[in-house]
Amino acid sequence: MKNHMKTIILVIVGAAILIGSIWGVNESRYPNVPAFDDHFTRKFLNKDKKAADGFYEFKSKTGQYTMWFPEEYQVLHKYREDYTRNGESYENWSAAYIKPYENDQQTYAINVKFSENDTKSELIYVESLFKEQLGSKKPKQLETSNTRIYYNSAYTYFRGTNQHIVHDSKENPPNLYVAYVADKSSDKVIKLIYDSVGENTETNQMDRKKWFLKMLKNIHFNEGK
């Protein structure tokens, strides 16, 4: 009886060691960055396709687009509304990066909303987005070979429940960036909003703008879907 129990214990211990070894090998296959530390986030990322300057390729679960995803961020999924999708026509998700700062923290977040909007009404959608988010109707524009990009930024803060928007970047570096990216060959669009909260979150305006534009320029809509 004692020998039998010893055998069972040895089998259990051996199985645990084997499972642990397999788990360790599987985990070692992923890059050692926060995005891949989260099991939900890594479902969207291509571990073998690192983009330049700390980004990995993000593949939408709609199958309709890919984009660059910053390696420090993780896709939120604690609540049902954090990630929502409707087949191949709609997807809405947010990702965040939280950094300790002195006795507080700095929070950086992006929100991406994929949908299909009638190209004929594009300027109406663009005007509405920038009016709502930045109180501005005149975004900057640029194009890639496949997309039209509208974007702008501002410094925002709350006094009580009232949001204040400051467009003078010399006074305060922008902490809110907004973009509307439209596919040239279909009605597919992405609205992308980045914002940061906390003291000294934005210390280099040019670096942040380059970072934001890299994401925008590397949004690729899939053809024929």
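**Figure 1. The salt bridge between Glu-57 and Lys-49 in the predicted model.** Glu-57 forms a salt bridge with Lys-49, a term used for a side-chain nitrogen of Lys or Arg within 4 Å of a carboxyl oxygen of Asp or Glu, and the closest N and O atoms of this pair are 3.3 Å apart. Lys-49 is partly exposed, with a relative accessible area of 45%, where buried means under 20% relative accessible area, exposed over 50% and partly exposed in between (1.4 Å probe, protein chains only). A search of the whole structure finds seven salt bridges. This is a predicted model, in which local features need pLDDT of at least 70 and side-chain atom pairs count only at pLDDT 80 or more, whereas totals for chains, interfaces and linings use all residues. Residues are numbered from 1 along each chain as its sequence is written, and side-chain values use heavy atoms, with hydrogens and water left out.

Figure 2. Glu-122 forms a salt bridge with Arg-148, and the closest N and O atoms are 2.8 Å apart. This pair joins helix 4, which holds Glu-122, to strand 9, which holds Arg-148, across 26 residues; helices (H or I, at least four residues) and strands (E, at least two) are DSSP runs numbered from the N terminus. Both Glu-122 and Arg-148 are buried. The side chains of Lys-184 and Glu-143 also meet in a salt bridge, at 2.9 Å from N to O. Here the link runs between the loop that separates strand 11 from strand 12, where Lys-184 lies, and strand 8 (residues 140–143), which contains Glu-143, the two residues being 41 apart. Lys-184 is partly exposed, with a relative accessible area of 35%, and Glu-143 is exposed, with 54%.

**Figure 3. Helix 4 and its buried face.** Helix 4 (residues 122–134) has 13 residues and reaches 18 Å from its first C-alpha to its last, close to the 18 Å expected at 1.5 Å a residue, the expected span being 1.5 Å times one less than the number of residues. Glu-122, Val-126, Leu-129, Phe-130 and Leu-134 are buried in this helix. Seen down the axis of helix 4, these buried residues fall within an arc of 90 degrees, so they line one face of the helix; the arc is that of the directions from the helix axis to the C-beta atoms. The face turned away from the buried side carries the exposed residues Ile-124 and Glu-132. Helix 4 is followed by Gly-135, whose phi is positive, near 65 degrees.

Figure 4. Strand 2 (residues 55–59) and strand 3 (residues 65–70) pair in the antiparallel sense over five bridges. The bridge partner of Phe-55 in strand 3 is Pro-70.

Key: Two strands pair if DSSP finds at least two bridges between them.
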